[in-house]
Amino acid sequence: MQQVYVYDAVRTPFAKLGGALAKVRPDDLAATVITKLLQRYPNLDHTKINDVVFGNANGAGEENRNVARMATLLAGLPASIPGVTVNRLCGSSLDAAFHASYSIGAGDNDLVITGGTESMSRAPYVVPKPERAYPAGHSQMVSTTLGWRLVNPKMPAEYTVSLGEATEQLVEKHGVSRERQDQFAAQSHQRAHAAWEAGHYDNLVVAVDDVTRDETIRPESTPETLAGLRTVFRKDNGTVTAGNASPMNDGAGVVLMGSAAAAETLGADPLVRVVSRGAAANEPQYFGEAPVPAANLALERAGITWDQVGAIELNEAFAAQVIVNLDSWGIALDDERVNAWGGAIALGHPLGASGSRVLGTLARRLKAENRRWGVAALCVGVGQGVAMVVENEDATE
């Protein structure tokens, strides 16, 4: 087996639903980050790229089913480079990194571009085909932006609640207070703003036209201001608001992965080594719990414990989900290891692109903070979780 490394990472700014990137197609977002990545390696022979693996949660519209292949062609790469798209919903682009690491580790590939893209603004409406010709009744148009659609009637009803209602059920199950959710959400905004001001994203985020920064960061957020927002999914006993949940977004990211031999091909040293992976599943309505067994499995495979982990990038689909995860691991909400440069509540969560964001940010953080071990993890709708452990071999801590 070959060792597998992350060499580089690039992402677009994440824009809000209907915002600054709403006019950009998801395949163009993907092609943009591929192009920007490869501009960093002007001497790279592009025929040395063995594969392109992208994550995407929609696929029903301008992604044209296999957005990895579309983006590869749009970026002007040789037609001989294959591309495949994987879909594990919110975990899709971390799953893309899983697939690349499998192929590199097995010795099948030496250099793979992985990533993810999502335009929630441009997600199409769909209409089911009639079961017979010329039906007399109406047909309902369904949005593909987020959540369940065209649900099989045989699916248990408790599985098919909305993500927000599922989070309210998670809150009830674990006794998570509204105050803790708002506290964590405010922290996410403040850390994200501070990270941008400190220049941490200068080498990670590339402009798309004149869009240069993440669009949904609100540094003025405090627990007190967030406490004034109304709940969305339950009026009487709800806790989840637009302020303590991730927004809907547009964006794309790439992570360049390769074997040890890829260092000579690229003329660059790797950032981190991929050590282990973990995927887990549970009841769909408790999807927010799933990162716990996924990350625990990845740590077990890596042979380390949480006490040894120096940096954690946990996707913030909902503040309540993060709280449940951290409580399960025995980690404090304000622990500086967790999302030190902000998380999805502030930065945004363009579904299929978020895995590349957490992995790329984790790799850069380990280098910047001189820490050895890192964990990237995401919850996934319909009750799944994914996680990856990486190592900064140059760390002196």
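This is a predicted model: local features need pLDDT of at least 70, side-chain atom pairs count only at pLDDT 80 or more; totals for chains, interfaces and linings use all residues.
**Pockets**

- By residue class, the lining of the largest pocket divides into 18 nonpolar, twelve polar and three charged residues.
- Among the elements that contribute to the lining of the largest pocket are H4 and helix H6 (223-227), each of which supplies at least two residues.
- The second largest pocket holds about 380 Å³ of space, and of the 24 residues that line this second largest pocket, Leu89, Leu146, Gly147, Trp148 and Val382 are the closest to its centre.
- The lining of the second largest pocket is made up of 14 nonpolar, eight polar and two charged residues.

**Helix H4**

- Helix H4 runs over residues 163-174, and its twelve residues reach 16 Å from the first C-alpha to the last, close to the 16 Å expected at 1.5 Å a residue.
- Within H4, the residues Gly164, Glu165, Ala166, Thr167, Glu168, Gln169, Leu170 and Val171 are buried.
- Just after H4 comes Gly175, which takes a positive phi of about 65°.

**Gly352**

- Gly352 sits in the loop between helix H10 (344-347) and helix H11 (354-369).
- Gly352 counts as buried because its relative accessibility is 0%, and the cut-off for that class is under 20%.
- Although Gly352 and Cys90 are 262 residues apart along the chain, their C-alpha atoms are separated by 5.5 Å.
- Leaving aside residues up to four places away in sequence, Gly352 touches Gly55, Asn56, Ala57, Leu89, Ser92, Ser93, Gly116, Thr117 and Glu118; one of these, Leu89, is also listed among the residues closest to the centre of the second largest pocket.

**Annotated domains**

- An unreviewed UniProt entry gives the annotation "domain: Thiolase N-terminal" to residues 4-259, and over that stretch the chain is 28% helix and 16% strand, with the end C-alpha atoms 5 Å apart.
- The UniProt annotation "domain: Thiolase C-terminal", likewise from an unreviewed entry, covers residues 270-391, where the chain is 35% helix and 26% strand and the end C-alpha atoms are 11 Å apart.

Conventions
Residues are numbered from 1 along each chain as its sequence is written. Side-chain values use heavy atoms; hydrogens and water are left out. Helices (H or I, at least four residues) and strands (E, at least two) are DSSP runs, numbered from the N terminus. The expected span of a helix is 1.5 Å times one less than its number of residues. Buried means under 20% relative accessible area, exposed over 50%, partly exposed in between (1.4 Å probe, protein chains only). Ala, Val, Leu, Ile, Met, Phe, Trp, Tyr, Cys and Pro count as nonpolar, Asp, Glu, Lys and Arg as charged, and the others, Gly among them, as polar. On a 1 Å grid over the protein atoms alone, a cavity is a set of points where a 1.4 Å probe fits but cannot get out, and a pocket is an open set with protein on both sides within 12 Å along at least five of seven lines; lining residues have an atom within 4 Å of a point. Grid points are joined across faces, edges and corners, and a volume is the space filled by probe spheres set on the points. UniProt positions are given in the numbering used here, feature names are shortened, and annotations may be inferred rather than shown by experiment. Contact means heavy atoms within 4.5 Å.
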